[in-house]
Amino acid sequence: PNDLVELFRKRDLENKTYLLTSHSIEYKPKGRWSQKLKRMVIDKEKEKFLPQKHFIRALEVKLWSNNTFCTTKGLGEDTILRGKWSIVGDKRDNLWMQ
């Protein structure tokens with residue numbers, strides 16, 4: 001009854017290429033306390049520089065059998081992101097990348 005059920009298995013994921021998507025996080029500007037108005041305010045000059053669009057980026061990632069990964073496309077011609085990956089979680093249902 002308490003058998004470990006692996007939702008992800010390393011042999012199913014390794015030596016394959018995947019597409020990951022990332023999107024921008026909504027920026028919430030920090031205000032400053034106004035002595036005159038006695039409340040938090042956001043400066044108008046800073047407000048016009050806030051990001052207006054949300055960008056979605058697709059990255060092509062290769063997972064290697066030695067638990068490392070590298071991006072092959074998506075960050076530009078000269079940029080390659082490398083790191084380690086592992087399957088984590090009680091049910092082994094999450095992919096951790098660092």
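Which residue in β6 is the bridge partner of T68? The partner is K84. The legends below treat a predicted model.

**Figure 1. Overall fold of the predicted chain.** The protein chain holds two helices and seven strands. Along the sequence, the elements follow the pattern α-β-β-β-α-β-β-β-β. The chain has 98 residues, and 15% of them count as buried.

**Figure 2. Strand β5 meets strand β6.** Strand β5 covers residues 68-73, and strand β6 covers residues 82-88. The two run antiparallel. Three bridges join them. R82 itself lies in strand β6. R82 counts as exposed because its relative accessibility is 61%, above the 50% cut-off.

**Figure 3. The hairpin of β6 and β7.** Strand β7 spans residues 94-97 and runs antiparallel to β6. Four bridges join the two strands. S86 has W96 as its bridge partner in β7. Five residues lie between the strands of this hairpin. There, G89 takes a positive phi near 110°.

**Figure 4. N15, an asparagine with positive phi.** Most residues other than glycine have a negative phi. N15 is not a glycine, yet its phi is positive, at about 60°. N15 sits in the loop between α1 (10-13) and β1 (16-23). Is N15 buried, partly exposed or exposed? N15 is partly exposed, with a relative accessible area of 42%.

Figure 5. N67 is found in the loop between β4 (56-63) and β5. Its relative accessibility is 22%, so N67 counts as partly exposed. The cut-off for buried is under 20%.

**Figure 6. A nonpolar surface patch.** Which residues form the patch? V5, L7 and F8 do, with about 280 Å² of accessible area together. F8 is found in the segment before α1. F8 counts as partly exposed because its relative accessibility is 32%.

**Figure 7. The salt bridge of R9 and D12.** Side chains of opposite charge can pair when their charged atoms come close. Here R9 forms a salt bridge with D12. The closest N and O atoms are 2.9 Å apart, within the 4 Å cut-off. The count of salt bridges comes to one. D12 counts as partly exposed at 33% relative accessibility.

**Figure 8. K62 over the face of W64.** K62 lies over the ring face of W64. The distance to the ring centre is 4.9 Å, and the cut-off for such a contact is 6 Å. The count of aromatic pairs comes to zero.

Terms used: Residues are numbered from 1 along each chain as its sequence is written. This is a predicted model: local features need pLDDT of at least 70, side-chain atom pairs count only at pLDDT 80 or more; totals for chains, interfaces and linings use all residues. Side-chain values use heavy atoms; hydrogens and water are left out. Two strands pair if DSSP finds at least two bridges between them. Buried means under 20% relative accessible area, exposed over 50%, partly exposed in between (1.4 Å probe, protein chains only). Patches are made of residues with over 30% relative accessible area and no salt bridge: like charges are joined within 9 Å, nonpolar side chains (Val, Leu, Ile, Met, Phe, Trp, Tyr) within 5 Å. Accessible areas come from the Shrake-Rupley method with a 1.4 Å probe; for residues, only the protein chains shown count as cover. A salt bridge is a side-chain nitrogen of Lys or Arg within 4 Å of a carboxyl oxygen of Asp or Glu. Rings of Phe, Tyr and Trp (its six-membered ring) pair if their centres lie within 6.5 Å; planes under 30 degrees apart count as stacked, over 60 as edge-to-face and the rest as tilted. A charge sits over a ring if NZ of Lys or CZ of Arg is within 6 Å of the ring centre and within 35 degrees of the ring normal.
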